[in-house]
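Open the model in your viewer and keep the selection tool at hand. The stops below say what to select next and what is there.

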Amino acid sequence: MNKSVWIIIAIVGALLVSAMFSYNTLVGMNENVIGKWSQIENQLQRRGDLIPNLVNTVKGYAAHEQQAIQAVADARAKLAGAQGPAGKAAADGELNSALSRLLMVAENYPNLKADANFRALMDELSGTENRIAVARKDYNDAVQVYNVKIRSLPTSLFAGMMGFGPKEYFTAEESAKQVPQVNF
């Protein structure tokens, strides 16, 4: 065989090796992008799981407090409407009992349990929000590396033929620019 045939075989071989290397690299990069997106979804699910717990903790705390306050208000109304010494004594006993329950709530729940639970859930939610931000950044970084690779030579010559197209960046929606309002 002459020299030009060997040169052609070498060029074709180099192109095939380059195409295989590019393909394998793109497969790895594509899987990296998919994995990074999965982490965003994972953290969004975590946030979705935490929010109902946070809301229920707040509702439970508020309901517990409202129950104690309502018991005091009801007992006070009974005392105001009570007739005679026996009625007044019974209403006063009920008011004292309701006040004792309210004091227990004030001493034990707001600072020790409900407030601690609320703060713990808020910390978890805040941590999850930070994880989501990091996962979004990691995803966008992986998309950038991948998109640069498929647009760079020589990979760009093979990427389209091998079914590798550009990936979309994670971008916040316009509504995300507005400050959310939380009402309990």
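Start by selecting Trp37, Tyr139 and Phe170, which ring pairs link into a cluster. Rings of Phe, Tyr and Trp (its six-membered ring) count as a pair if their centres lie within 6.5 Å; planes under 30 degrees apart are stacked, over 60 edge-to-face, and the rest tilted. This is a predicted model, in which local features need pLDDT of at least 70 and side-chain atom pairs count only at pLDDT 80 or more, while totals for chains, interfaces and linings use all residues. Residues are numbered from 1 along each chain as its sequence is written, and side-chain values use heavy atoms, with hydrogens and water left out.

The whole structure holds three aromatic pairs. Among them is Tyr23 with Phe164, an edge-to-face pair at 5.6 Å centre to centre with 65° between the planes. Tyr23 is in helix H1 (residues 3-81) and Phe164 in the segment after helix H3 (155-159), 141 residues apart. Helices here are DSSP runs (H or I, at least four residues), numbered from the N terminus.

Are these two residues buried or exposed? Tyr23 is partly exposed, with a relative accessible area of 36%, whereas Phe164 is buried at 11%. Buried means under 20% relative accessible area, exposed over 50%, and partly exposed in between (1.4 Å probe, protein chains only).

Next, select Lys167 and Tyr146. The charged end of Lys167 sits over the ring of Tyr146, 5.7 Å from its centre. For this, NZ of Lys or CZ of Arg must be within 6 Å of the ring centre and within 35 degrees of the ring normal.

Finish at Thr128 in helix H2 (residues 84-151). Thr128 is buried, at 0% relative accessibility. Neighbours within four places in sequence aside, Thr128 is in contact (heavy atoms within 4.5 Å) with Gln43, Arg46, Arg47 and Leu50.

How values were computed
Helices (H or I, at least four residues) and strands (E, at least two) are DSSP runs, numbered from the N terminus.
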